[in-house]
Amino acid sequence: MLSLLSTISSPHGDSTDRLVHQFARALSLRIDHLTTHLISPSLFSSNEDTLQSSYLSLNKVTPFLRFAHLTANQAILEAIDGHRSIHIFDFDTSHGVQWPPFLQDIAERSDPSSPPSIRITGTGTDLDVLHRTGDRLQAFANSLGLRFQFHPLYLPTTNPDTTTSCLNSSFQLRPGETLAVNCVLFLHKLLKDSSSDDPACKLVAFLHAVKAMNPVVVTVAEREASHNSPIFLRRFMEALDHYTAVFESLEATLPPKSPERLEVEQVWLGREIEDMIGREGEGRKERHERFEWWEGVMRDRGFSSLPLSPFALSQAKLLLRLHYPSEGYQLQMSKNSLFLGWQHKPLFSVSSWH
C-alpha cells in the first residue's frame with residue numbers, strides 16, 4: 001500500500017497529492033526503522049542555508065509565524081509601556097524575524113531625543129546564526145536611533161536541563177530593567193515522551209525558573225494540535241488532521257507551481273511530519289499540545305493569563321487582509337488568547353501570562 005501511495009502521489013499535485021506524498025515518505029522512514037531497528041537518516045536532511053531559506057519562505061507565504069510574532073509583540077509592548085529600560089529574553093531566536101517590527105513600534109512610540117534602552121538576549125543552537133542575527137538587529141536599531149544591545153546565548157541542544165541551567169547561570173538582569181520572556185514555538189521542545197513517568201518535569205523546572213525572574217509578561221505561542229501521544233495511530237490521525245488544513249491553506253493562497261510553497265512543504269513541513277510519524281520515543285522532537293493543556297500547565301505553575309487587547313485582534317485582522325487575503329483564514333479570541341485557523345480548524349494560539 002505504501003509503495004502504491006508513493007507511486008501515485010506527487011509533491012507537485014493538489015493539496016491532497018502533496019500531503020499523501022509527505023506522509024508516505026515519513027511512513028517509509030518509520031518502516032525502515034521498525035524493520036532494521038536502526039535510526040535511519042532523515043529523508044529531509046538539509047544544510048543550514050536550505051533550512052534558513054525554507055524558514056524565511058514559511059514566514060513569507062504563510063501568516064502563521066507573522067501572526068505569532070506580531071501578537072506576542074503587541075502583548076510585550078503593552079506590558080512594558082512606560083518602562084525605560086527593557087530586557088527581552090527570547091527563546092529560540094533563530095533569524096530574529098520577530099524583532100524588526102517590534103523595534104519599529106518602539107521607535108514610533110518613543111521621544112527621539114530620549115529613546116528607551118532595549119536589550120534582547122536571544123538563544124539558539126547555532127552561535128554563528130545568532131551573531132549574524134544580532135548584527136542585523138543592531139544595524140536596524142541604529143537606523144531607528146534606538147539604544148539597543150543583542151546578547152547571543154548558545155544552547156548546545158534543546159535539552160531541557162541545558163536550557164534551565166543556562167537560564168539560571170548565564171542570564172543577567174541589570175538593576176532597573178523590566179523583563180519580558182518570549183516563548184514563540186519553543187515550550188513544546190521541552191517536553192519528553194508522554195509515555196514517560198513525568199513528561200513535563202523539565203518544562204515545569206523551566207517555568208519555575210522563569211517565574212522566579214519575575215517578568216512583567218511571558219508570551220507563549222504554540223501549534224493548536226496534540227502531537228505528543230505515545231500511541232502511534234492517535235498521533236498519526238492528529239497530524240493528518242492538522243497538516244490537511246495547513247496544506248489546504250497553502251493550496252488556496254499560492255499559485256499551483258509556486259517554488260516557495262514547494263520549498264516550505266518539502267523542507268520545513270516535511271521535516272515536521274517526518275519527526276511525528278517516522279520517529280518514536282525520545283527520537284521525536286515535535287511534541288505539540290493544545291491550548292487547554294498549556295493553560296493548565298501555566299496556571300499550575302502560578303501564572304495568570306493577561307488578556308490580549310482588542311488592538312492585537314485588529315492587528316491580526318489587518319495582517320490577513322493585507323498579505324493573506326483569503327476567507328479561509330479565521331481568527332478567534334477565546335480564554336484571553338488569540339487563535340488563527342483555517343476553515344474553522346484552529347492551527348496556532350498566542351497567549352500572554354504573568
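## A salt-bridge network

Arg18, Glu251, Arg261 and Glu265 are linked in a network of salt bridges. A salt bridge here is a side-chain nitrogen of Lys or Arg within 4 Å of a carboxyl oxygen of Asp or Glu. The model is predicted: local features need pLDDT of at least 70, side-chain atom pairs count only at pLDDT 80 or more, and totals for chains, interfaces and linings use all residues. Residues are numbered from 1 along each chain as its sequence is written, and side-chain values use heavy atoms, with hydrogens and water left out.

Look at Arg18 and Glu251. The closest N and O atoms of this salt bridge are 2.8 Å apart. The pair links distant parts of the chain, with Arg18 in helix H2 (residues 15-36) and Glu251 in helix H9 (residues 232-253), 233 residues apart. Helices (H or I, at least four residues) and strands (E, at least two) are DSSP runs, numbered from the N terminus. Arg18 counts as buried because its relative accessibility is 1%. Glu251 is partly exposed, at 34%. Buried means under 20% relative accessible area, exposed means over 50%, and partly exposed lies in between (1.4 Å probe, protein chains only).

## Other salt bridges

The structure holds 14 salt bridges. One of them joins Asp92 to Lys189, with the closest N and O atoms 2.2 Å apart. This pair also links distant parts of the chain: Asp92 is in the loop between E1 and H5, Lys189 is in the loop between E4 and H8, and they are 97 residues apart. Asp92 is partly exposed, with a relative accessible area of 29%. Lys189 is partly exposed too, at 25%. Asp92 and Thr123 are 31 residues apart in sequence, but 5.1 Å apart in space, C-alpha to C-alpha.

Glu295 and Lys335 meet in another salt bridge (3.8 Å, N to O). Glu295 lies in helix H11 (residues 291-300), and Lys335 lies in the loop between strand E7 (329-334) and strand E8 (337-342), 40 residues away. Is Glu295 buried or exposed? Glu295 is buried, because its relative accessible area is 12%. Lys335 counts as partly exposed, at 44%.

## The second largest pocket

The second largest pocket has a volume of about 290 Å³. On a 1 Å grid over the protein atoms alone, a pocket is an open set of points with protein on both sides within 12 Å along at least five of seven lines, and lining residues have an atom within 4 Å of a point. Grid points are joined across faces, edges and corners, and the volume is the space filled by probe spheres set on the points.

The lining has 14 residues. Arg66, Leu70, Pro101, Gln315 and Leu319 lie nearest the centre. Helix H4 (64-79) and helix H12 (310-323) each give two or more residues. Helix H12 gives the most, with seven. By type, the lining has seven nonpolar, six polar and one charged residue.

## Positive phi in two loops

Most residues other than glycine have a negative phi. Leu185 has a positive phi, near 55 degrees. Leu185 sits in the loop between strand E4 (178-184) and helix H8 (201-212). Asn214 has a positive phi as well, near 60 degrees. Its loop runs between H8 and strand E5 (217-223). Asn214 counts as exposed, because its relative accessibility is 62%.

Methods
On a 1 Å grid over the protein atoms alone, a cavity is a set of points where a 1.4 Å probe fits but cannot get out, and a pocket is an open set with protein on both sides within 12 Å along at least five of seven lines; lining residues have an atom within 4 Å of a point. Ala, Val, Leu, Ile, Met, Phe, Trp, Tyr, Cys and Pro count as nonpolar, Asp, Glu, Lys and Arg as charged, and the others, Gly among them, as polar.
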